[in-house]
Amino acid sequence: MEYHATLADEARETLAATGYSSVSVRAGDGKQGWPEHAPYDRTYLTCAAADFPAPLVEQTHDGGVLLAPIGDSQQRLIRAKKQAGGTLEKEDHGSVRFVPLQ
């Protein structure tokens, strides 16, 4: 999932040129996930969010893992295992600095 269509196009071209034919790239708002392909075993964010976006938690299998930089001015790398019922068992893996999720 890539927010900018131009970058998504470049990613498709690069993946195809390097032989990765089974990878799908979509341009759009990553906060909403990709429900047509859910549920996922693993979900990760490459931009900082205040918390794990609810659609991404919903689209991750029970027992699946989410990884994201969480926080605004002070961010922490959080690994969360989704429990039955949608709760997250979180582990803090230290300070990080990412661009904010728009």
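Reader: Which residue in β4 is the bridge partner of R79?
Author: E91 in β4 is the bridge partner of R79. The model is a predicted one.

Reader: What about A80, which residue is its bridge partner in β4?
Author: A80 has K90 as its bridge partner in β4.

Reader: In what sense do β3 and β4 pair, and over how many bridges?
Author: Strand β3, residues 75-82, pairs with β4 in the antiparallel sense, over 7 bridges.

Reader: And the hairpin there, how many residues sit between the strands?
Author: The hairpin of β3 and β4 has 5 residues between the strands. G85 in that hairpin takes a positive phi near 90 degrees. As background, most residues other than glycine have a negative phi.

Reader: Back up a bit. How many helices and strands does the chain have?
Author: There are 2 helices and 4 strands in the chain. Along the sequence they follow the pattern α-β-α-β-β-β.

Reader: What order do the strands take in the sheet?
Author: The order is β1-β2-β3-β4, in an open sheet of 4 strands with mixed pairing. β1 (40-44) and β4 (88-96) each have a single partner strand and stand at the edges, so one side of each has no neighbour in the sheet. On average, neighbouring strands of this sheet are turned by 10 degrees against each other, direction ignored.

Reader: Which residue has a positive phi in the hairpin of β2 and β3?
Author: G71, with phi near 130 degrees. The hairpin of β2 and β3 has 4 residues between the strands.

Reader: Which residues does A50 contact, leaving aside its neighbours within four places in sequence?
Author: A50 is in contact with I70, G71 and D72. G71 is the residue with the positive phi in the hairpin of β2 and β3. A50 itself is in the loop between β1 and α2 (54-58).

Reader: Buried or exposed, A50?
Author: A50 is exposed, because its relative accessible area is 61% and the cut-off for exposed is over 50%.

Reader: Changing topic, which peptide bond is cis?
Author: The bond from A38 to P39 is cis, with omega near 5 degrees. For comparison, most peptide bonds are trans. P39 is in the loop between α1 (5-17) and β1.

Reader: Where is H37, then?
Author: H37 is also placed in the loop between α1 and β1. H37 is partly exposed, at a relative accessible area of 45%. The C-alpha atoms of H37 and Q59 are 8.7 Å apart in space, and the two residues are 22 apart in sequence.

Reader: There's another histidine, H93. Which strand is H93 found in?
Author: H93 is in strand β4. H93 counts as partly exposed, because its relative accessibility is 47%.

Reader: What does H93 touch, not counting residues up to four places away?
Author: H93 touches L77 and R79. The C-alpha atoms of H93 and R79 are separated by 7.3 Å, and the two residues are 14 apart along the chain. R79 is the residue whose bridge partner is E91.

Reader: Now the whole chain. What does the C-alpha trace span?
Author: About 40 × 30 × 20 Å along the principal axes. Of the 102 residues, 25% count as buried. The chain exposes about 6700 Å², and carbon and sulfur atoms supply 51% of that area.

Reader: How many positive and negative side chains?
Author: 10 positive and 14 negative, and the centres of the two sets lie 4 Å apart.

Reader: And what share of the contacts join residues at least 24 apart?
Author: 31%, among contacts between residues at least 6 apart in sequence.

Note on methods:
Residues are numbered from 1 along each chain as its sequence is written. This is a predicted model: local features need pLDDT of at least 70, side-chain atom pairs count only at pLDDT 80 or more; totals for chains, interfaces and linings use all residues. Side-chain values use heavy atoms; hydrogens and water are left out. Two strands pair if DSSP finds at least two bridges between them. Axes are lines fitted to C-alpha atoms, for helices over the stretch in contact, and angles run from 0 to 180 degrees between N-to-C directions. Buried means under 20% relative accessible area, exposed over 50%, partly exposed in between (1.4 Å probe, protein chains only). Contact means heavy atoms within 4.5 Å. Accessible areas come from the Shrake-Rupley method with a 1.4 Å probe; for residues, only the protein chains shown count as cover. Lys and Arg count as positive and Asp and Glu as negative; His and the chain ends are not counted. The place of a charge is taken as NZ of Lys, CZ of Arg, CG of Asp or CD of Glu.
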